Amino acid sequence: MLVVIIQCEDVVKRCSGFLCMNDFYEKIGKFENYSDDVRYMAITCGGCCGNLLTPKLENLGMRLRKAGLNKDDVVIHFASCVCSDNAHRLPCPFMNRMKALLKRKGFNNIVLGTHVSKKAEEKRRAGIYKKWE
Ligand code: SF4
Ligand code: SF4
């Protein structure tokens, strides 16, 4: 199995993605149920409005095929900075569009979220940030 994290093109200009990577290896946040043999990679959405995901997904599909892997063995995680209200910004307004692009390209295993920030969770509980969808 392969986990592919989709990060916001804007947010990664100021985020290294360390916390997503660390949570994956520590099996915390949205990664708690993966076994040790699961690999991961991260890509960005390519910028608003997510259209550049299409060629990236086509490239990924081709690479998977050549590696003898199947799209059903891939789980796509939208990074928390894409799909939740958080310190960086409001949730991405193009989420549904990007989900549709993924499904059109045959990637049907989609999870919302990666690293779960404790501070952001507190603000969700306090009603300052919107709750997870
Ligand atoms: S969820 Fe956090 S650590 Fe992961 S890419 Fe977004 S801002 Fe960076
Ligand atoms: S489409 Fe969404 S995730 Fe991508 S850069 Fe724009 S706001 Fe960020």
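**How the terms apply to this structure**

Me: What makes up the shell around ligand 2, in terms of nonpolar, polar and charged residues?

Reply: The shell around ligand 2 holds seven nonpolar, two polar and two charged residues, where Ala, Val, Leu, Ile, Met, Phe, Trp, Tyr, Cys and Pro count as nonpolar, Asp, Glu, Lys and Arg as charged, and the others, Gly among them, as polar. Its members are C8, E9, D10, C45, G47, C48, C49, G50, V82, C92 and F94, each counted because its C-beta atom, placed from the backbone, lies within 6 Å of the ligand.

The model is predicted, so local features need pLDDT of at least 70 and side-chain atom pairs count only at pLDDT 80 or more, while totals for chains, interfaces and linings use all residues. Residues are numbered from 1 along each chain as its sequence is written, and chains are lettered from A and ligands numbered from 1 in the order in which they are written.

Me: Which residues surround ligand 1, and which elements give two or more of them?

Reply: Around ligand 1 stand Q7, V11, C15, G17, L19, C20, A79, S80, C81, H88, T114 and H115. The elements that give two or more residues to this shell are α1 (18-26) and α3 (80-83), an element being a DSSP run, either a helix (H or I, at least four residues) or a strand (E, at least two), numbered from the N terminus. By kind, the shell around ligand 1 divides into six nonpolar, six polar and no charged residues.

Me: How do you know whether the protein is as compact as a globular protein of its length?

Reply: The protein has five helices and four strands, which follow one another from the N terminus as β-α-β-α-β-α-α-β-α. Its radius of gyration is 15 Å, close to the 14 Å that the globule rule gives for 133 residues, so the protein is as compact as a globular protein of that length; the radius is taken over C-alpha atoms, and the rule is 2.2 Å times the number of residues to the power 0.38. Along its principal axes, the C-alpha trace spans about 45 × 35 × 25 Å.

Me: What makes β3 largely enclosed by the rest of the structure?

Reply: Four of the five residues of β3 are buried, so this strand is largely enclosed. Strands pair if DSSP finds at least two bridges between them, and five bridges join β3 to β1, with the two running parallel, while three join β3 to the parallel strand β4 (residues 110-112). H77 of β3 is the bridge partner of I5 and also of V111 in β4.

Me: What makes a set of residues a nonpolar core, and which members of the largest one touch the most others?

Reply: A nonpolar core is a set of buried Ala, Val, Leu, Ile, Met, Phe, Trp, Tyr and Cys residues joined through C-beta atoms within 7 Å. The largest has 25 residues, of which I6, C8, A79 and V82 touch the most other members. At least two residues each come from β1 (2-7), α1, α2 (53-66), β3 (74-78), α3 and α4 (95-104), and β1 gives the largest share, four residues. In soluble globular proteins, nonpolar side chains tend to be buried together.

Me: How do you know which residues V12 is in contact with, and why is V12 called partly exposed?

Reply: Two residues are in contact if their C-beta atoms, placed from the backbone, lie within 7 Å, and V12, leaving aside neighbours within four places in sequence, is in contact with Q7, G17 and T44. V12 and T44 are 32 residues apart in sequence, yet their C-alpha atoms are 7.8 Å apart.

Methods
A residue is buried if 20 or more other C-beta atoms lie within 10 Å of its own, exposed if 12 or fewer, and partly exposed in between; C-beta atoms are placed from the backbone.
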